[in-house]
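Here's a quick briefing to read with the model open.

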Amino acid sequence: MAIDIGQFVQTFFEESFEGLDVMEAGLLALEPGATTDLEKINTIFRAAHSIKGGSGTFGFKNVTDFTHLMETLLDGMREGRLGVTGEAVNVLLGSVDCLREMLVAARENIPVEPEQIQALQGRLARLLKKEAAEAEAAPNKPAAPVEPPPAARTTGWRIRFKPHLQLMHSGNDPVRMFRELAALGPLTARPDSARLPRLAELQPEDCYLSWELELLAEVARDAVDDVFAWVEGDCELSVEPLTAESATEKTVKPAAEPLVVAPAAPKTSEEGRQGELLLERRKGEDRRRGDRRVNVAASDSASIRVGIDKVDAVINLVGELITTQSMLSALGEDFDMGRLDKLHEALDQLDRNTRDLQEHVMRIRMLPVSSVFSRFPRMVHDVSAKLGKQVELRINGEQTELDKTVIEKIGDPLVHLIRNSLDHGLEPPEERLRAGKPETGVISLDAYHKSGSIFIEVGDDGRGLNRDALLRKGLEEGLLKPGEDYSDEQIYELIFHPGLSTAKQLSDVSGRGVGMDVVRSNIQDVGGSIQIASQPGRGTRITISLPLTLAILDGQLVSVGGDCYIIPLLSIIESVQIKAGAVNRVAGKGEVFRFRGQPLPILRLYELFGTEGAVSDLEKGLLVVVEADGRQIGLFVDDLEGQQQVSIKSLEKNFRRVSGVAGATILGDGRVGLILDISGLIRVNNVAL
Amino acid sequence: MDVRKTELATLGSRGLLKREATAEGLQYLTFSLAGEEYGVDILKVQEIRGWAPVTKVPNAPAFVRGVMNLRGAIVPVIDLRLRFNLESVEYTKTTVVIVVTVQSASGSRIIGTVVDGVSDVLNLNVADIQPAPDFGTAVHTEFISGLVTVEAGMVMLLDVDRLLSVEEMFALESVRPMEAHAAAA
């Protein structure tokens with residue numbers, strides 16, 4: 001029963017990348033100089049250790065070696081032999097990045113650039129040397145009381161390792177452990193096969209051998225203990241220092257049967273590994289296998305982890321659906337009009353079941369935004385250091401859930417917004433002090449759920465947008481007309497205009513690559529909108545609103561000259577009949593309706609879409625008041641039809657993007673209905689006015 | 001859904017829809033358009049449907065009649081007469097939509113084309129195909145991959161990948177109506 005180990009590689013990568021995230025978060029939480037928080041370091045250490053173990057199993061030697069160095073350094077920190085300095089944390093953070101690249105390279109099967117790895121390995125090694133030097137300088141450091149006094153300096157370790165029979169059941173493998181030991185120095189291993197039963201009684205998954213090992217290397221005892229850290233309780237273990245004397249004695253005396261490490265019980269170890277892998281596979285679910293096809297080019301987001309409760313909820317609902325179905329088919333078998341009530345009841349139930357099921361299936365695709373937010377602490381840490389600013393990042397609501405597709409699309413825009421806040425928004429410490437603000441600037445990142453949409457806010461307490469500079473720039477570029485009054489929103493809107501920058505100089509951090517126009521178009525691509533609020537000297541707050549899901553929306557059907565269009569229900573404020581005399585033409589251009597005392601621009605859909613045969617008399621049709629991006633507009637339609645949930649289909653797949661149209665859907669009668677893109681329509685109308 | 005199965009049935013009964021293509025043998029579905037015969041590679045053809053009203057798409061060129069629902073997919077429908085700048089006619093009972101799969105830079109797309117009627121399936125050898133004559137700039141022949149002479153006359157073989165490339169079709173549009181509207185209003 002040969003198992004293709006390759007099918008688990010994907011799992012290894014996924015888990016390793018998660019592990020790296022854990023390490024990164026842990027490292028950022030470490031406060032240099034403060035008393036070492038053991039639990040934090042342990043978390044980082046465990047993550048590193050898993051990566052090391054996994055990479056060893058799959059044969060990514062460079063990853064194993066690299067992680068090993070990191071582990072040694074972390075171990076030094078854990079033991080208190082090495083201080084948690086800013087430098088050490090930075091080197092480790094750099095190493096996490098490097099490791100990530102190495103793993104990506106391993107996954108994509110592309111070569112890695114050795115320079116960076118070597119440079120980091122060098123830095124790690126230097127830190128370790130410093131540690132050694134420190135240890136020698138202060139031999140009686142209280143932090144390491146278990147260390148034998150340096151006088152009895154050991155030349156190696158003698159390890160008696162007698163595993164319990166079920167050692168390999170827990171997924172441990174002596175061969176791997178020995179390999180790790182061998183990485184520390186020359187290792188000889190002598191197996192003791194006394195426990196080995198007759199072949200007929202031999203259980204292939206049990207470990208019958210025990211070993212006596214000799215490690216001829218001047219390593220700390222912890223390094224040896226680490227190797228056995230995961231089998232504690234599963235074995236009898238004794239580790240004794242090998243003094244120079246005893247070592248020589250050993251070397252003189254011909255060893256009884258020195259065995260090289262590699263061939264140690266290959267059969268049993270293979271079996272043990274299989275057991276481990278089977279276990280993992282059960283955990284990893286079979287979906288991974290299905291994903292592998294698409295995964296050959298491997299993107300890191302081809303699978304999602306779904307909480308078992310979500311899956312259970314769907315299974316429950318499917319059960320209910322089946323009950324309803326059997327109820328209906330029983331009704332259908334001999335139906336008479338007397339049972340009409342029952343039929344209606346069953347149909348209502350079916351309706352409820354399908355809606356519930358749809359909602360829960362959608363929920364499977366939902367991920368917490370923390371998967372995007374988690375990269376920001378690191379980014380803020382790096383960028384603020386580069387800019388010489390002191391920044392505190394406050395994250396709220398990271399458990400808010402969003403559709404996976406949306407999550408993937410908002411990462412880059414958020415990076416851009418936060419970089420902007422860091423670079424342009426927050427002032428340098430001196431300037432902040434002069435302005436009477438605390439030295440440390442605050443960037444806040446909030447996610448919350450409100451009335452069917454998800455809101456993400458990026459705020460800072462910096463200098464705010466420079467209204468005058470924007471106004472000047474807008475006039476220069478001819479985007480604004482001189483002599484007219486503009487609201488703050490209209491002026492802030494200018495920052496989304498491509499090619500308009502008020503930054504005096506471009507910096508390394510922002511001002512390159514994507515601009516705010518790209519940010520906005522990315523957000524609009526996923527059906528979201530973006531708004532800015534800013535107060536000079538107080539800060540800027542950018543609010544992104546996103547739809548909960550991309551696949552389904554509640555729509556209001558409207559008719560325009562025989563065609564049916566769908567307006568997303570969420571953007572509708574209300575629908576009104578137009579009274580004669582309430583409409584004015586502004587400067588002979590756009591029509592404006594006085595709506596609750598406010599002027600509301602009217603957009604005649606039939607004109608925009610070139611529809612023939614539509615109602616053109618304003619009093620005979622209806623005005624649907626819609627809102628997007630904080631602005632309102634009245635869409636003039638013939639009539640309202642029903643409301644219905646529609647599944648959004650792409651026009652682009654076979655055709656192309658159509659301005660003013662967000663997508664299409666199949667209506668109840670099989671025809672295609674177009675879904676209006678409200679914020680697109682408002683923009684078009686704004687250009688027109 | 002009035003897919004006109006009759007045509008397919010007749011074609012089938014004549015044994016014409018059987019894929020008998022040999023190594024160098026090609027099969028082309030021919031259709032009539034304004035009195036001329038055209039052919040498309042049968043491997044590009046997904047299905048043939050009767051004309052049914054479609055949903056108009058705003059701001060599209062006139063030859064895009066709209067979009068239709070093809071078993072849940074949104075498929076644009078293009079009137080080939082208008083695409084070739086021919087006079088448009090009332091759609092009749094024989095007006096059909098040939099649904100073809102088009103390869104483009106951005107992947108494959110499904111597009112419906114309205115033609116006057118389906119005629120036949122031609123079995124051809126590569127050697128039968130003559131290159132399209134060069135008419136200079138007076139006639140656009142870039143969509144025609146070749147000509148074939150049959151008993152009844154001439155059949156123009158269309159390169160649907162080029163003819164129905166969305167990029168190509170919209171390159172023709174210098175001003176998009178929506179922006180024109182915006183500018184005018």
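Two strands count as paired if DSSP finds at least two bridges between them; strands (E, at least two residues) and helices (H or I, at least four) are DSSP runs numbered from the N terminus. This is a predicted model, where local features need pLDDT of at least 70, side-chain atom pairs count only at pLDDT 80 or more, and totals for chains, interfaces and linings use all residues. Residues are numbered from 1 along each chain as its sequence is written, and side-chain values use heavy atoms, leaving out hydrogens and water.

**The sheet in chain A**
- Four antiparallel strands make an open sheet, ordered β2-β3-β1-β4 (chain A).
- Its edges are β2 (187-192) and β4 (235-242) of chain A, each pairing on one side only.
- β1 (residues 156-163) and β3 (residues 210-215) of chain A pair antiparallel over five bridges.
- R160(A) has E212(A) in β3(A) as its bridge partner.

**Where chains B and A meet**
- On the B side, 26 residues are in contact (heavy atoms within 4.5 Å) with 25 residues of chain A.
- About 2400 Å² is buried between the two chains, 62% of it from carbon and sulfur atoms; that's the accessible area (1.4 Å probe) lost on putting the two parts together, summed over both.
- The rule finds one salt bridge across this interface, meaning a side-chain nitrogen of Lys or Arg within 4 Å of a carboxyl oxygen of Asp or Glu.
- K56(B) forms a salt bridge with D563(A), with the closest N and O atoms 3.8 Å apart.
- Elements of chain B that each supply at least two residues to the side touching chain A include β7 (107-115) and α5 (177-184).

Notes. Chains are lettered from A and ligands numbered from 1 in the order in which they are written.
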